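Dear colleague,

I am passing on the structure below. My notes on it follow.

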Amino acid sequence: MLGVLFVVLTMIAYLTYLERKVLGFMQDRLGPMEVGPWGLLQPLADGIKLLSKEDIIPSEANKAIFRIAPVISLVPAILAFSVIPFGHDSFGLNGVTLHPYIADVNVGVLVILALSSIGAYGILLGGWASNSKYSILGALRSAAQVISYELTAGMSVIGVLILAGSMSLVKIEDAQSGGFWHWYIFPQIVAFVIYLISGIAETNRTPFDLPEAESELVAGFFTEYSGMRFSLYYLAEYANMIIVSSVATILFLGGWNPPLPSLGFIPPVIWFLLKVYFFLFFFFWIRATLPRLRYDQLMRFGWKIMLPVSFANIIVTGIVAYFLQR
Amino acid sequence: MLKKFLNTILFSEIGQGLKLTLRHMFLRKVTVQYPKEKLVLADGYRGFIAHRRYDNGVERCVGCDLCEAICPAKAIRVVSDIHPEIPDRRYAKEYTLDFTRCIFCGYCVVACPVNALSMTKEFAHSSFTRNGLIYSKEQMLALGDRAGEESDAYLKVRNMWEAEDSGKEEGRYHFPPISLGG
């Protein structure tokens, strides 16, 4: 478990570096280049900078909640990694069996959805406790956005659950083994698109990043946070991104299954990471391309368009699955 | 109608945007890593201003104050006096150009009748004090000595290099001897 934690935290830190590089390359410029060779030590430099900043707490802020809000955002995001399986077989090492997952809970999908709901509390409390106009506006918008799109994310996942017959992530991945024609993206293409859009909205990424839009709301709900507290929120956002990508991989792209059974000699972990990084690249790619949605456009899209389509998807999947099983 | 519907569900416009950004990811980048790589500046680049000399080493400036008159930012201050060595000639006893006021427009170079001023390609002259950026005549002459070819090239490109200005001291203006009375 410590191993997973260490790997995850490093991955999050270097994800910030990767984002800046990818965004830079798409904008015809190189990203960070100064700090190490090709800028590789940039996350380290960022970490040192944020740690050495003065810790300012606004005088009228609610100190206890101000302190605990970033933690409420970060901890569920990292906890969600405990139910994500990275590979296929458990392997034994000196008599200790290491599983490719920390816990094979048979309600894995529900655990992840629940934990992301708790993350929304962190945003609301952070904005409220800052006692500042921009923060409270940003927090309200962000919380509304997160809970709206969480609903559509949950609904879109139900189609996959009908097909797989179980909520455990390990079983869902097992059900997609064989070859890429078994992957759930093909029967559930609509749910895949809806899940991806909801994922982008839940993690407050462009084009849904009005709550933290630098040009509109100063920094939204994290205006008053500085130094390490800010970096906790920032890390929480990237951890959420990785969780959404991992869940998308597992539910729709077959997790650690290779696309052709003959390619099974490449370790499953590599396939899993490749797919997760593809989704993360897709997040960055979308960020580099699309402008931001206005808040009312965002809410309208979530409730009037995405939700009915996801319901239709559930109904159609249910009917087809019922008749196919007979 | 059907086309519009298909465009919506297939996200064609978003796809177009995505294709564009992906294409740009593989194009050559425009970043210049400054201290290690530098951009090539054009000959007419308006950098720091320098004083020039004739080929025999005599400074060109005759202290006429035309540059001080034309400077839009009033960055130049000239105190002129009779040249101690060369007869029938004046020079600038004190010449101060305040580079914190200078807007690098190049009017002083245009105004100078003897091509004493020119602009070099230097720009990286930071200082920790304001006085460090107020250049005296000696400093500007030193700049000119250091960046001689650049200052010549500037005048040539900007059409201020006269054909007969061969660099000889007597080439440009020949002051006839003045006799007062008698």
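This is a predicted model: local features need pLDDT of at least 70, side-chain atom pairs count only at pLDDT 80 or more; totals for chains, interfaces and linings use all residues.

**Chain B sheet, then chain A**

B:Asp98 stands opposite B:Ile134, which belongs to β5(B). Residues are numbered from 1 along each chain as its sequence is written, while chains are lettered from A and ligands numbered from 1 in the order in which they are written.

Helices (H or I, at least four residues) and strands (E, at least two) are DSSP runs, numbered from the N terminus. Strand β3 (residues 90-98) of chain B is antiparallel to β5(B), and 2 bridges join them; strands pair if DSSP finds at least two bridges between them. The open sheet has 3 strands, in the order β2-β3-β5 (chain B), with antiparallel pairing. Its edges are β2 (76-82) and β5 (134-135) of chain B, each with a single partner strand, so one side of each has no neighbour in the sheet.

Chain A comes to 10 helices and 2 strands, in the pattern α-α-α-β-β-α-α-α-α-α-α-α along the sequence. Its radius of gyration (over C-alpha atoms; the globule rule is 2.2 Å times the number of residues to the power 0.38) is 20 Å, close to the 20 Å that the rule gives for 326 residues, so chain A is as compact as a globular protein of that length. The mean pLDDT of chain A is 84, with 93% of its residues at 70 or more.

Regards

Conventions. pLDDT is the predictor's confidence in each residue, from 0 to 100.
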